[in-house]
Amino acid sequence: MSLTQQVLKGDRLALSRLLTLVENNSPEGRAALAELFSHTGKAHLIGVTGSPGTGKSSLVNQLVLQYRKTDQKKVAVIAVDPSSPFTGGAVLGDRVRMRDLSGDDGVFIRSMASRGSVGGIAQTTAALAQVFDAAGYEIVIIETVGAGQSEVEIARLAHTTLVVEAPGLGDDIQAIKAGILEIADILVINKADRPGVEHTERALRSSLELARPVSRVYHHGQAMTVKAHKPPPNTWIPPINKTIATDGSGIAKVIESIAKHMQYLRTSGEWNARERARLRSETEALVRDTLMTQFLEGLPEGAFESALERVFSHSLSPIEAAQFLAQTERPQTPRATKEKP
Amino acid sequence: MSEHTIRVLVAKPGLDGHDRGAKVVARALRDAGMEVIYTGLRQTPEMIAEAALQEDVDVVGLSILSGAHMALAPRIMELLKANGQDQVKVFMGGIIPDEDMPRLKAMGITGIYGPGASTEDIVKEIREAMKS
């Protein structure tokens, strides 16, 4: 039986090995992905992102516990932590917060190093999510590296993105900057037992209201109703949920928000739109890689390196080098011979 | 990039709370370019075997300072085998009396390190074990 067949039958060791092959972007892994693709498209991909130390792992731990308790869905977790930019090594510590999940066959946690990617997830994170999807995991939670302001790749991958905040991490100006808050489908204020939680909530709420003005305004302490700025029907307004992940408070509300968001995605057509956008960018990236490989193979021996050398010595700009290489005579490529007989 | 990165599970089975050694080793392996999955304190053999399976690691590193190694190590080896992970190399560190070492080696533990062991040796021996 092939590895993919074993995975489809629910073999956990086979699944784990396949994840490694896919993560390493090996030819076997790519072949397996192609084979599994027809089994994908069923899982709900949930992204969890936020600054380091806001409690993402603890929150994921609670979310999975809740999913397992309420509807026995099979849940996979992909936990991404950063790789060292110097040695390529990594310490992946998200499992430390997820010990409650061990001993449950319906849960599969996989740690992943970012391996040089800067968007908060690794290059092959999407592919790993696909493998879990094909293996029958209905919920796939992707925890990003502790993200700063622009690690927003997760929004392209996940159907629902949770942005986790904690009290005391920034003022209302942080909250209106572009980037991570914009990608939130659901905002979670974790550590809600800490002082300053009202302030954080107010900053986040007013930031949301700047995007979608509300109909009530306060003018010198008096509430006035202005002509309604009604949001167009079927707009998603990110809810703000408060949680204490260490004891599970507020988790049920987050699960509810996720379910509502799923409902919204389905009824608004957004689900299809996101799927199409994701598959499009994935296909484009693969076309780019394939063309790049073909292009490099078609170049005369050493042409790329010698052009690079000229760039290194500043006698050629990268733009000129690219143009030069693109116009370089490509003697053996079949297409060239066909077009110019 | 299909070059295989060495993945190591660093775990502390048993009840002692001294995790400095495990952290020093985890850090050294990271600096040697390996990917270390750190699971934290008070892991049962079942939890360790499960994590090793899910993470598809090449190496499991155990840190035991409680003296319970002769009870914990055989159980972990047994579970790894039962899961089909015979190829995983197991290394161990902590307070291990000399007379226990032959029996641990016979169980299939690849390397054992006590106080004063150098992290360079550990890195070197893990790399060597990967070649065989």
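B:Asp56 is located in the loop that connects α2 and β3 of chain B. In this predicted model, the residue has a positive phi of about 45 degrees although it is not a glycine. B:Asp56 has 20 C-beta neighbours inside 10 Å and therefore counts as buried. A positive phi also occurs in chain A, where A:Lys191, likewise a residue other than glycine, has a value near 60 degrees. A:Lys191 belongs to the loop between β7 (186-189) and α8 (197-211) of chain A. With 24 other C-beta atoms within 10 Å, A:Lys191 is buried.

Chain B contains 5 helices and 5 strands. Its elements follow the order β-α-β-α-β-α-β-α-β-α from the N terminus. The radius of gyration of chain B is 13 Å, close to the 14 Å given by the globule rule for 132 residues, so the chain is as compact as a globular protein of that length. The C-alpha trace of chain B extends about 40 × 35 × 25 Å along its principal axes. Of the 132 residues in chain B, 48% are buried. Among contacts in chain B with a separation of 6 or more, 75% are made by residues 24 or more positions apart.

Within chain B, strand β4 (residues 89-94) is largely enclosed by the rest of the structure, because 6 of its 6 residues are buried. In a regular strand, side chains alternate between the two faces of the sheet. Both faces of β4(B) are covered, with buried B:Lys89, B:Phe91 and B:Gly93 on one side and buried B:Val90, B:Met92 and B:Gly94 on the other.

The pairing of β4(B) involves strands β3 and β5 of chain B. Strand β3 (residues 59-64) of chain B pairs with β4(B) in the parallel sense over 6 bridges, and in this pairing B:Gly61 stands opposite B:Phe91. Strand β5 (residues 109-113) of chain B also pairs with β4(B) in the parallel sense, over 4 bridges. Here B:Phe91 stands opposite B:Gly111 in β5(B). A right-handed β-α-β unit is formed by β3(B), helix α3 (residues 69-82) of chain B and β4(B). From β4(B) the chain crosses through helix α4 (residues 101-107) of chain B to β5(B), and this β-α-β crossover is right-handed.

The secondary structure of chain A comprises 13 helices and 10 strands. Buried residues account for 37% of its 341 residues. Of the contacts in chain A between residues at least 6 apart in sequence, 71% link residues at least 24 apart. The largest nonpolar core has 115 residues, of which A:Val140, A:Ile141, A:Ile142 and B:Val36 touch the most other members. When residues up to four places away in sequence are not counted, A:Ile141 touches A:Ile46, A:Val48, A:Val60, A:Leu63, A:Val64, A:Val75 and A:Val77.

The interface between the chains brings 27 residues of chain B into contact with 27 residues of chain A. On the side of chain B that touches chain A, the elements giving two or more residues are α1 (20-31), β2 (35-38) and α2 (45-55) of chain B. The largest share of this side, 7 residues, is provided by α2(B). By residue class, the side of chain B that touches chain A consists of 11 nonpolar, 8 polar and 8 charged residues. Strand pairing also links the two chains: strand β3 (residues 90-92) of chain A and β2(B) pair in the parallel sense over 3 bridges. B:Glu35 in β2(B) is the bridge partner of A:Ala90.

A further local arrangement in chain A concerns A:Arg310, which is found in helix α11 (residues 303-312). A:Arg310 is partly exposed, with 14 other C-beta atoms within 10 Å. Apart from residues up to four places away in sequence, A:Arg310 touches A:Ser315, A:Leu316 and A:Ala321. Along the chain A:Arg310 and A:Ala321 are 11 residues apart, and their C-alpha atoms are separated by 8.2 Å.

Conventions: Residues are numbered from 1 along each chain as its sequence is written. Chains are lettered from A and ligands numbered from 1 in the order in which they are written. This is a predicted model: local features need pLDDT of at least 70, side-chain atom pairs count only at pLDDT 80 or more; totals for chains, interfaces and linings use all residues. A residue is buried if 20 or more other C-beta atoms lie within 10 Å of its own, exposed if 12 or fewer, and partly exposed in between; C-beta atoms are placed from the backbone. Two residues are in contact if their C-beta atoms, placed from the backbone, lie within 7 Å. A nonpolar core is a set of buried Ala, Val, Leu, Ile, Met, Phe, Trp, Tyr and Cys residues joined through C-beta atoms within 7 Å. The radius of gyration is taken over C-alpha atoms; the globule rule is 2.2 Å times the number of residues to the power 0.38. Two strands pair if DSSP finds at least two bridges between them. A crossover is right-handed if, with the strands pointing away from the viewer, the path from the first strand over the helix to the second runs clockwise. Ala, Val, Leu, Ile, Met, Phe, Trp, Tyr, Cys and Pro count as nonpolar, Asp, Glu, Lys and Arg as charged, and the others, Gly among them, as polar.
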